[in-house]
Amino acid sequence: MTTEQGNRWSEQETLLLAQVREALATEIAEAGQFPEVVGDRGIIRFIRGHGELEKIITMYGNFLKWRKDSGADAIRERIREENLNKPALFPNGEGLLAMSPQIIIAADAVDNEGHLITFETFDFSPSAMMKKYSLDDWGEWMIYTMVYKTMVIEQVSELRERALLAQHNGSPPCSPDKGYGVIVQCSSIRCLKGMGMEFLGSDSKAIIRSSIAICQDNFPEMLHKSHMVRTPWVFNTMWYFCKGLMDAKTIAKVTVHGYNFLADLSKEIPISSIPKHFGGEYEGYNDAFEFDWSPGGPMDLSAELRLQAKQHSQEQVDQQQVVMPPAPPTEETNTSS
């Protein structure tokens with residue numbers, strides 16, 4: 001489908017997008033009406049993550065149900081209504097961040113392709129964490145952080161797409177195989193220094209199993225690349241366990257750097273976006289993110305719906321513009337000739 005702005009997504013993605021919307025029309029209408037959930041980008045992530053129509057419909061349908069059952073939609077509403085604009089404000093946020101320092105997402109730190117940086121450390125005791133917090137507490141924390149990530153990424157993606165349109169006077173470069181639509185992902189840096197034998201125990205495996213289940217099933221194509229650094233010997237055993245829970249597409253995005261990582265890492269992420277913890281220059285740490293909830297703004301679903309309606313209207317026009325064959329000659333024409 002081509003509009004006056006060009007195709008937002010590839011022709012194949014546009015077709016699959018329409019088929020998913022048709023197959024799950026009721027579920028989508030009853031879901032939380034958030035751009036990162038029922039907008040094009042939310043569905044395109046499932047299309048790119050799963051490829052085949054039947055699986056896309058199944059996984060996206062399961063995701064919409066999970067959003068309700070897990071309370072993710074309610075969490076999203078709470079983040080907005082209570083202005084929980086940084087992870088320390090989430091339930092148990094300060095305590096969990098103290099035990100396991102991490103940058104949930106840095107909107108002002110990007111890799112060379114413009115994807116946002118996340119950062120995790122594993123220098124903590126899983127059993128000590130499970131004594132202070134339950135697995136349900138951890139699961140709630142994961143849902144809060146993943147919902148928050150998708151919100152931040154949606155706003156950044158939308159603003160970049162609008163800037164692209166403005167830069168090209170509404171007609172950015174695109175082709176049938178690649179639309180102009182912008183989908184930002186995360187580049188993750190995971191520091192495994194301090195990971196010891198305790199990570200091979202049941203508490204650690206329960207945390208990892210819970211995290212992967214939440215992220216892999218419900219947030220596909222959020223990850224651009226994962227950089228594992230300062231990996232100890234025990235990592236090989238833990239990595240074997242993790243790979244058994246992950247799909248092949250996710251595993252392919254993981255790069256293991258070991259201890260001499262900075263030179264290789266800086267080829268993909270500028271020093272200015274690498275945290276100081278790793279020898280970089282980035283000093284931010286879960287700073288508050290300013291969401292734009294204004295009417296017509298990047299987090300306003302109505303703007304997305306207007307674009308969808310415009311594209312649908314243009315599609316109908318394109319379908320009607322069929323070249324008609326020339327009319328057969330009339331009897332009068334034949335006689336005169």
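Predicted model: local features only at pLDDT ≥ 70, side-chain atom pairs only at ≥ 80, totals over all residues.
Six bridges tie strand E2 to strand E3 (residues 186–191), and the two run parallel. Within it, Leu116 stands opposite Cys186 in E3.

Now widen the view to the sheet around that pair. Five strands make up an open sheet, ordered E1-E2-E3-E4-E5, with mixed pairing. Strand E1 (102–110) and strand E5 (254–258) stand at the edges; each has a single partner strand, so one side of each is left without a neighbour in the sheet. From one strand to the next, the twist averages 20°. Helix H9 (residues 135–167) packs on the sheet and touches E1, E2 and E3. The direction of H9 makes about 5° with that of E1.

Is Glu120 buried or exposed? Its relative accessibility is 19%, and because the cut-off for buried is under 20%, Glu120 counts as buried. Setting aside neighbours within four places in sequence, Glu120 is in contact with Pro101, Gln102, Ser188, Ile189, Arg190 and Cys191.

How does the protein look as a whole? It has 15 helices along with the five strands. Of its 337 residues, 50% count as buried. Among contacts with a separation of 6 or more, 79% come from residues 24 or more positions apart.

The structure holds 16 aromatic pairs. One of them joins Trp66 and Phe219 edge-to-face, with 5.8 Å from centre to centre and 90° between the planes. This pair links distant parts of the chain: Trp66 belongs to helix H5 (residues 53–70), while Phe219 lies in the loop between helix H10 (202–218) and strand E4 (223–229), 153 residues apart. Both Trp66 and Phe219 are buried. Elsewhere, Phe90, Trp141, Tyr144, Tyr148, Phe289, Phe291 and Trp293 form one aromatic cluster. A ring can also face a charge: the charged end of Lys205 sits over the ring of Phe241, 5.1 Å from its centre.

The loops have backbone details to look at too. Most residues other than glycine have a negative phi. Asn92, in the loop between helix H6 (72–81) and helix H7 (93–99), has a positive phi near 65°. Arg230 also has a positive phi, near 50°, and is found in the loop between E4 and helix H11 (235–243). Which of the burial classes do they fall into? Asn92 is partly exposed, with a relative accessible area of 31%, whereas Arg230, with 17%, is buried.

A last stop is Gly280, in the loop between helix H13 (262–265) and helix H14 (301–320). Gly280 counts as buried because its relative accessibility is 11%. Leaving out neighbours within four places in sequence, Gly280 is in contact with Ile271, Ile274 and Pro275.

Note on methods: Residues numbered from 1 in each chain as written. Heavy atoms only, no water. Buried < 20%, exposed > 50% of the residue type's maximum accessible area, 1.4 Å probe, protein only. Contact = heavy atoms within 4.5 Å. Helix = DSSP H or I, 4+ residues; strand = E, 2+ residues; numbered from the N terminus. Pairing = 2+ DSSP bridges. Axes fitted to C-alpha atoms, helices over the stretch in contact; angles between N-to-C directions. Phe/Tyr/Trp six-rings, centres within 6.5 Å; stacked < 30°, edge-to-face > 60°. Lys NZ or Arg CZ within 6 Å of the ring centre and 35° of its normal.
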